[in-house]
Every structure is written in structure tokens, then in C-alpha cells.
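Me: Please go through the fold of this chain with me, one point at a time.

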Amino acid sequence: MPKCDPFKYFHSSPEIIRLAVMMYVRFPLSLRNVEDLLHERGIDVSHETIRFWWNRFGPMFASEIRRRRAERLRSGRQWQWHVDEVFVKINGERHYMWRAVDHEGEVLEAVVTKRRNKRAALKFLRKLMRRYGRPEVLVTDRLPSYGAALREVGPADLQHTGRWLNNRVENSHLPFRRRERAMQRFRRMRSLQKFAAVHSSVYNHFNQERHLYTRENFKLIRNAALAEWRKLCSA
């Protein structure tokens, strides 16, 4: 059965839509910032059009990136995961965003909940292990909810805690915090969950860890990531 073209009936080209979504999600820009940058390139679209494109195509692009990564990760060794939660305010009310990264710093999952208890930790860990399998080591902070949840989903000796052990996942919150300030916070839990899932996938796709490569190799990897992005959701 031929794949349905998601860009059908849109007047703008898929290349422009992908560029607008990438600029909005990847960089700490507002919708009006993206509108101005596109106008400088001769592309005349309003910020409301960019908002519509982001809502329509952002989850599609993220889903395709996540599916490819999940297939690759499930086929390999799941050595060590780092899990942490961070406070996020929505209309003045405190919520919690749970985040997991692997030993290389790539974000595996981001889940938003209203509570920071055993039930929320259980929901997060089950979703994480259902998609990626089970790690050999799970590094967490000393929140008791992790230990209570792990006693249900698997052996509790997976958990490792200690000072500075979880710096990798705590540093992974920084790109999201920059986006949160640019967007002047979130107004709904649903929109926060949606943006966090899309942002983490796009961040993984373009996060090349340039300090590990020479300049020449970094440019090759960056070009490959851009080429793959331009093929997302292609018919």
C-alpha cells in the first residue's frame, strides 16, 4: 500500500515546512522570530501558519525519529540509563517532567505528571522499558518513589544512587529550560507533554557532541543529520 503524503493539499513546499519546524523546535526562538528569519530568506508566512505547521508536523517528525532510534537501541546493549525529574510550572501550578537519558546523553523519554509519587514513577518507568527494553544499571537520585516503583517493574538492585552520578541527566534539562524561557512558560499540561516529546527527539537528532570529533568529521555528521531531516515523512 503506497504511503500517504502528509504534505498533500499544502501550498508551501515540504522543504519550507521542515525548515520552519526545525528552526522553532531546535533553537530557542519564538514563532515571530522564525517568521522574521524566514522573511529574510524570501519566505512570506505568518507566525500563525508556523504554529499550525508545528502542531501538525512536529509530532510526525519526532515520531519517525523516535521509531528509528528505538529499533536501533532495542537491538543493542542497554547498559546504563540516568533518570531525573524537574519542576515545571503551568499557570502557577507545579508539575513534574520525568526525563531519562542513556549513557551517551541522548534523551530516551520525557513524561509530564502532576505528582512525584510512586504511581507517577511507575507510569514513567513502564513506558520507558516498554519502548527500549531493560537497562543493566538505572542511575537515579534518592527520591523514594524510584525504589518503590522498581520493586514492581523489576529487580530493585538495578538502581544506583550517589552524589554527582546523575549529572548527565541533570545537564540534559538545560536545552529545555532555554526553550521554556523563550516560550514564556506553558499554559497546559498537554502542550508541555507534546513539546517535550518533540523537542527531545529533535535535540537527539542534531546533537552531534562536537567535542568528540575533529572538525572535518563533525561537518560530515552534521550534513548527514540535515540530509536525513529533509527526508522525514517523504512519500
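Predicted model: local features only at pLDDT ≥ 70, side-chain atom pairs only at ≥ 80, totals over all residues.

Reply: Residues are numbered from 1 along each chain as its sequence is written, and side-chain values use heavy atoms, with hydrogens and water left out.

Me: Which strands stand at the edges of the sheet?
Reply: Five strands (DSSP runs of E, at least two residues; paired if DSSP finds at least two bridges between them) form an open, mixed sheet in the order β3-β2-β1-β4-β5. Two of these strands have a single partner each, so one side of each lacks a neighbour in the sheet. They are β3 (107-113) and β5 (159-160).

Me: Which residue stands opposite His-160 of β5?
Reply: β4 (residues 137-139) pairs with β5 in the parallel sense over two bridges. The residue opposite His-160 is Val-139.

Me: Are α4 and α5 oblique or parallel to each other?
Reply: Helices α4 (residues 118-132) and α5 (residues 144-153), DSSP runs of H or I of at least four residues, pack with axes 8 Å apart at about 50°. Axes are lines fitted to C-alpha atoms over the stretch in contact, and angles run from 0 to 180 degrees between N-to-C directions. Under 35 degrees counts as roughly parallel, over 145 as roughly antiparallel, 65 to 115 as roughly perpendicular and the rest as oblique. The pair is therefore oblique.
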